Amino acid sequence: MYKITILCVGGLKEAYWRDACAEYHKRLRPFCRFTVTEVAEERIPNNPSAAQIKAVIDAEGERLLAKLEPSSLPVALCIEGKERSSEQLAALIEQYAVGGEGDITFLIGGSWGLSEAVKAKARLRMSMSPMTFPHQLARVMLCEQVYRAMQILSGGQYHK
């Protein structure tokens, strides 16, 4: 069975984001062991300097790396990553599982993104879109895409 983790910075503040993620978590139970692990978001002043932004990204990155299981295959979600279709994501998950790496961790940074250390640790960099999304929405979108990938792999009717 696949083990899919979303390791992310910050919590979901609004109930509608939490509800959406909870729904996909429920839908994923038959297909994989799916978990979401959150690390604390750094506080940052209004109008931060470049050095303050870097310090925030680095601190959040350290927290992410501390929670990353050594046996898991890390996938960084970042703008410079490669875009993939739903079918390509499903094929990627299956390819890693067949190769003995069915434990995949998707890494989502905070509002300022992922640190270079996290990106360097990732075996793969993936972009959801050239557009920018709030990291909370990105988490919901990733949950949906993982569910869609599982439906594709199982021959389900969800993906049309």
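Which residue of strand 4 does Leu 73 stand opposite? In this predicted model, the residue facing Leu 73 is Ile 104. The two strands concerned are strand 3, spanning residues 73-83, and strand 4, spanning residues 103-108; they run parallel and are joined by four bridges.

Within it, Val 75 is placed opposite Leu 124 of strand 5.

The largest nonpolar core consists of 31 residues. Ile 4, Phe 34, Ile 93, Phe 106 and Leu 142 have the most contacts inside this core. At least two core residues are supplied by each of strand 1 (2-9), helix 1 (15-28), strand 2 (32-39), strand 3, helix 3, strand 4, strand 5 and helix 5 (135-154). Helix 5 provides the largest share, with seven residues.

The surroundings of Phe 34 were examined with neighbours within four places in sequence left aside. On that basis, Phe 34 is in contact with Ile 4, Ile 6, His 25, Leu 28, Cys 143 and Val 146. One of these partners, Ile 4, is itself listed with Phe 34 among the residues having the most contacts inside the largest core.

Key:
Residues numbered from 1 in each chain as written. Predicted model: local features only at pLDDT ≥ 70, side-chain atom pairs only at ≥ 80, totals over all residues. Heavy atoms only, no water. Pairing = 2+ DSSP bridges. Core = buried A, V, L, I, M, F, W, Y, C linked by side-chain atoms within 4.5 Å. Buried < 20%, exposed > 50% of the residue type's maximum accessible area, 1.4 Å probe, protein only. Contact = heavy atoms within 4.5 Å.
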